[in-house]
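Biologist: Could you take me through this one? I would like the terms settled before we talk about particular residues.

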Amino acid sequence: MFRFCVALILIVEVLSLALLPLVAPDVVVLLLAPLILLTVVLAFVLYPRFGSVSYRTWQLTPERIAAYKSQDTPDNTDPVFLSRSIVERATEIRRVMIDSPSEIQVEICALGYRACVNDMITLTHLANEELSGAGFLRRMRLKRARRRATESLSGARSALPPGALRTTHQEKQ
């Protein structure tokens, strides 16, 4: 933001110096040209104060931290995001099951598989709602996301040992 402001000030100065002879022909523009150099020098002097991380952290308040929402994480109602999440978890389940897993790891993977199945139900519901009003490309993307999630969930199911999903250790007690 600081760099943008300095660039904007420099552009205004250069344009005003270029248009000054048209507005006031008797003003000597070369005497005002050092203003541009002065602006650049001030920018270099003030940048460590106003453009640095320490200054920005000094401006932080608890209210700003609490109100912050990341733009990187989409909401959980997006079927494509939910599909990626299912694929990632199912891939991790398959990876753990390839090694010789302990009984606890099998139980954790079974619980993870159940969570993936629940998310798959939600994904199917969200995708069906969105398919009716979606355009061609969005429809293809939704169908592809659902197909990828189904295939990865099927792979995770085949990696689990037989009987792993019947009861967990806690349900036996």
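Modeller: Buried means under 20% relative accessible area, exposed over 50%, and partly exposed in between, with a 1.4 Å probe and protein chains only. This is a predicted model, in which local features need pLDDT of at least 70 and side-chain atom pairs count only at pLDDT 80 or more, while totals for chains, interfaces and linings use all residues. Residues are numbered from 1 along each chain as its sequence is written, and side-chain values use heavy atoms, with hydrogens and water left out.

Biologist: Okay, so why does Arg 144 count as partly exposed?

Modeller: Because its relative accessibility is 45%; Arg 144 lies in helix H7, helices being DSSP runs of H or I with at least four residues, numbered from the N terminus.

Biologist: And Ser 152, buried or exposed?

Modeller: Ser 152, which is also found in helix H7, counts as buried because its relative accessibility is 6%.

Biologist: Which residues does Ser 152 touch?

Modeller: Leaving aside residues up to four places away in sequence, Ser 152 touches Ile 86, Val 87, Ala 90 and Arg 94, where contact means heavy atoms within 4.5 Å.

Biologist: Switching to the whole chain, how many helices and strands are there?

Modeller: The protein chain has 8 helices and 0 strands, and buried residues make up 24% of its 173 residues.

Biologist: What about contacts between residues at least 6 apart in sequence?

Modeller: Of those contacts in the protein chain, 72% join residues at least 24 apart.

Key: Helix = DSSP H or I, 4+ residues; strand = E, 2+ residues; numbered from the N terminus.
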